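Please read these notes with the model open beside you.

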Amino acid sequence: MNQPFSINWQNRVVTLGLTIGLLCIITSGVYPATFPTVGNASQILLNLSIDAIVAVGMMILLIGGMFDLSVGSVVALSGGLSGYLMYYHDTNFLVAIGAGLLAALLVGYVNGLLIARAGINPMIQTLAMMGIVRGFALMLSGAGIQNFPYEFIYIGQSKLFKLQAPVWWMLAVLLIFAFLVNRTVFFRRYYYIGGNEKAARLSGIDVDRMKIWAFVISAGLAGLAGILLSSRLGAALSTSGRGLELRVITAVILGGASLSGGQGRIWGAFLGALFMAIVNNVLIISRVSGYWQEVILGLILIVAVGVDQWFVRRSERVLSQRVVKTSLNAENTEI
Amino acid sequence: MKLQFLFLLLLVACEPPPRTDNTTATDADTVQLSNTEPSPNEEYVMVTTAINLPLYVNHDQAAFRAWGQKTGVRISILGPSDWDVPAQIQTIEQVIGTRPAGLLINGTDPGIAQAINKAVDAGIPTVVYDSEVPGSRAPCFIGSDWYDMGRLQGERMVKLLNGRGKVACLGILGMANQEAGFQGMLDVFKKHPGIQFVGKYDDKGNFETAARTAADILAAHPDLAGFCGFDSQSGPGAGLAVKEAGRAGKLKITTVDAEPEHLKLVREGVIDYLVGQKRELFTWYGAQFLFDMAHGTNRFSANDRRAGIAPIPQAISTGAVEIDRQNIANFRVRN
């Protein structure tokens with residue numbers, strides 16, 4: 001029987017939420033003038049917004065037992081292509097955004113198609129695509145493109161209730177996908193696929209088609225993130241999204257996804273990204289040199305994967321104990 | 001009625017981005033101390049990208065640290081470990097909230113202009129060093145003219161080849177200052193039809209990539225006559241490939257920077273010409289300008305900031321250090 005106010009420690013969303021709360025309380029005590037301010041909170045949300053949008057797509061992929069290393073390059077491509085069209089060809093900003101998003105979706109489709117139909121390993125395919133797409137982004141953005149139309153800038157730089165637009169875009173993406181993943185049969189299928197692909201195929205799910213869709217969705221969200229980043233910075237940079245894939249995968253695993261698939265929540269992706277953003281903010285406020293950032297990011301990844309493995313082993317143990325108990329009970333009943 | 005209220009609320013809460021670049025100072029208070037004596041609590045922050053790059057560590061950061069020690073103020077060096085301009089922007093934005101006495105920003109890309117302007121608007125004395133950032137309202141820029149560095153390399157290469165031969169160049173593609181350098185070199189080559197430009201190749205600022213790329217270029221163009229390098233690893237990488245191909249001294253190499261490895265290669269006769277920056281001057285004098293701004297060392301009005309006066313030099317080109325086999329004996333080379 002569930003106890004009132006009991007905490008489900010196995011629920012990563014709960015444990016990560018509590019960890020974030022604790023981290024905020026400690027940091028607020030140590031840096032009362034700089035950390036617990038509206039400006040700093042708004043800055044943290046703004047900084048995590050791009051990562052969190054991409055993390056939603058990555059979470060869907062990881063639930064289905066896949067991942068995509070090309071998302072960072074897609075961020076650079078969509079922003080770069082939109083910027084290129086607006087700056088060099090005077091293209092209407094909506095058409096330019098459409099082209100950027102379309103290019104991102106196309107990358108996702110090609111990734112999905114080759115992984116699902118041709119059977120290429122996701123790591124090899126998306127690693128190769130990462131290089132190809134970064135090359136295109138570099139060709140388009142060159143040394144960086146600036147001076148975009150005001151309407152384009154508006155998308156990423158306007159504010160609502162003191163929060164910059166990308167934060168609202170992030171919340172919209174989170175709400176939409178949290179609803180879809182929790183409530184629609186289509187997205188629930190990814191849990192079956194991630195849990196046991198063979199069983200999913202045998203139960204009649206078109207796994208290949210689902211895989212293609214997952215890559216298209218993930219790349220589409222990375223494309224949206226790229227447009228927002230360009231608009232927010234007022235510049236399309238060929239370096240945009242560099243290292244994003246590692247950050248996002250770390251955030252998503254922290255947020256409860258499993259490398260073996262079948263697990264994860266959309267809000268977990270957000271909390272993972274939030275945790276990473278707060279850690280980054282704390283490092284900067286406490287003036288920890290950038291030399292340590294990679295070390296700390298690596299340690300967080302190890303801890304995240306370690307916790308993931310611990311949960312997997314624990315749930316396997318609990319499951320086997322339950323099976324033993326059930327069979328013993330059954331034997332006793334028969335006797 | 002409810003919908004109308006909601007719409008009205010959103011309309012009031014919505015804050016569009018500024019339409020034009022504001023070139024006048026705001027009313028934010030300048031960080032000014034009451035006297036010209038440094039305080040140990042006074043903190044000057046350098047924000048760069050690729051914080052671990054040996055070129056930055058050995059020159060920019062070393063000089064900044066030395067300045068901090070001599071002046072008796074606190075200094076911090078922050079930024080991502082990779083070449084990640086958006087991450088540098090995020091760092092700048094987060095540092096603004098902590099109100100340092102001065103902000104020394106590595107002008108890595110035109111995309112950081114908005115973040116610099118945020119710091120200026122927040123009333124934080126700000127100096128941009130290394131490469132100029134178009135659109136930034138920082139009161140001072142101190143650094144090198146990259147177009148000129150490319151032009152110097154181009155002219156020397158034409159001279160070394162007697163105006164005839166195939167030339168390739170290595171550098172970090174898409175990086176604003178290097179693209180300016182490439183342009184300076186290409187503009188020289190345009191005037192010399194005997195020079196056949198093979199192309200510019202990305203070595204990602206990495207020694208191994210530079211060596212591998214240079215070897216591949218040599219394999220594709222056995223009659224290549226010269227390499228021009230634009231980042232700190234281009235010269236050593238090209239030098240290794242040329243030595244391995246047994247063409248040291250025959251194939252001409254010009255490159256940027258004057259690190260110990262570059263000087264050694266000039267002495268060995270592998271590299272023909274170096275155009276170095278006076279990087280120590282960027283951060284030493286940049287920091288001193290910040291200090292003078294923060295302390296109001298020189299004043300031209302009751303409130304220079306409100307009067308729109310920068311009490312420090314606006315733009316300083318630190319010039320170049322040219323090294324070749326004629327003057328290499330004057331430089332100490334580590335064995």
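1. B:Ser232 is buried, at 7% relative accessibility. Buried means under 20% relative accessible area, exposed over 50%, and partly exposed in between (1.4 Å probe, protein chains only). The residue sits in the loop between strand 9 (224-229) and helix 8 (234-244) of chain B. Helices (H or I, at least four residues) and strands (E, at least two) are DSSP runs, numbered from the N terminus. Beyond neighbours within four places in sequence, B:Ser232 is in contact with B:Leu55, B:Val256, B:Asp257 and B:His262. Contact means heavy atoms within 4.5 Å.

2. A word on the source. This is a predicted model: local features need pLDDT of at least 70, side-chain atom pairs count only at pLDDT 80 or more, and totals for chains, interfaces and linings use all residues. Residues are numbered from 1 along each chain as its sequence is written, chains are lettered from A and ligands numbered from 1 in the order written, and side-chain values use heavy atoms, leaving out hydrogens and water.

3. B:Thr49 is buried too, with a relative accessible area of 0%. Its place is the loop between strand 2 (43-47) and helix 2 (54-71) of chain B. A polar atom of the B:Thr49 side chain lies 3.0 Å from the backbone nitrogen of B:Asp84. Leaving aside neighbours within four places in sequence, the contacts of B:Thr49 include B:Tyr56, B:Pro80, B:Trp83 and B:Asp84.

4. Which residues of chain B does A:Arg242 contact? They are B:Trp83 and B:Asp84; A:Arg134 and A:Arg247 are also in contact with A:Arg242, neighbours within four places in sequence left aside. A:Arg242 lies in the loop between helix 10 and helix 11 (244-254) of chain A. At 31% relative accessibility, A:Arg242 counts as partly exposed. A:Val75 is 167 residues away in sequence, yet 8.9 Å away in space, C-alpha to C-alpha.

5. Helix 7 of chain A (residues 165-183) passes a length check. Its 19 residues should span 27 Å at 1.5 Å a residue, and the end C-alpha atoms are 27 Å apart, which agrees. The expected span is 1.5 Å times one less than the number of residues. Among the buried residues of helix 7 are A:Met170, A:Val173, A:Leu174 and A:Phe177. Their cover includes helix 2 (38-63), helix 10 (207-233) and helix 12 (266-285) of chain A.

6. A:Leu113 lies in helix 4 (residues 93-116) of chain A. It is partly exposed, with a relative accessible area of 30%.

Methods:
A polar contact is a pair of N or O atoms within 3.5 Å; within protein, one must be able to donate a hydrogen and the other to accept it, and residues adjacent in sequence count only if both atoms are side-chain atoms.
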